[in-house]
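Have both open as you go.

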Amino acid sequence: MRRSTFQRNWRKGLKGAGLTGRVHFHDLRHTGNTWAAESGATLRELMERMGHASSRAALIYLHTNDRRHQGVAQAMSELVAEGLRDDPDDGLAAASGT
């Protein structure tokens with residue numbers, strides 16, 4: 001497809017989707033890989049999705065956000081609670097497996 005043909009169709013698609021401003025085709029790749037990272041994709045999985053042999057580019061997508069921090073904190077709280085249920089006298093050691 002010629003660049004001019006692609007651009008014409010791209011602008012038409014953006015308009016149809018109600019997107020305004022400067023949205024580039026490459027933004028789709030960035031958004032998709034960011035969402036994959038936020039969904040829990042590992043570094044290796046991101047590298048495979050993007051077709052990269054080096055981890056450098058994939059690391060860009062592993063930036064954290066508040067929602068991810070909250071999820072990690074919640075998972076840690078659940079581990080502690082589970083440890084306390086298993087051994088109320090030594091909950092932290094039970095949760096850590098020591």
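## Asn33 in its helix

Asn33 sits in helix α2, which covers residues 25–38. Helices here are DSSP runs of H or I with at least four residues, numbered from the N terminus. Please keep in mind that this is a predicted model, in which local features need pLDDT of at least 70 and side-chain atom pairs count only at pLDDT 80 or more, while totals for chains, interfaces and linings use all residues. Residues are numbered from 1 along each chain as its sequence is written, and side-chain values use heavy atoms, with hydrogens and water left out.

Is Asn33 buried or exposed? Asn33 is buried, at a relative accessible area of 4% (buried is under 20%, exposed over 50% and partly exposed in between, with a 1.4 Å probe and protein chains only). Setting aside neighbours within four places in sequence, Asn33 is in contact with Leu46, Arg49, Met50 and Tyr61, where contact means heavy atoms within 4.5 Å.

## The largest nonpolar core

The largest nonpolar core has 8 residues in all: Ala36, Ala37, Ala41, Leu46, Met47, Met50, Ala58 and Tyr61. Such a core is a set of buried Ala, Val, Leu, Ile, Met, Phe, Trp, Tyr and Cys residues joined through side-chain atoms within 4.5 Å. Two or more residues come from each of α2 and α3 (43–50), and α3 gives the most, with 3.

Ala58 touches this region too: leaving out neighbours within four places in sequence, Ala58 is in contact with Leu43, Leu46, Met47 and Met50.

Which residues of α3 are buried? They are Leu46, Met47 and Met50. Seen down the axis of α3, its buried residues fall within an arc of 100 degrees, so they line one face of the helix; the arc is taken from the directions from the helix axis to the C-beta atoms. An α-helix has 3.6 residues a turn, so residues three or four places apart point the same way.

The cover over the buried residues of α3 includes α2 and α4 (55–59). On the face turned away from the buried side, α3 carries the exposed residues Arg44, Glu48 and Arg49. Just after α3, Gly51 adopts a positive phi of about 75 degrees.
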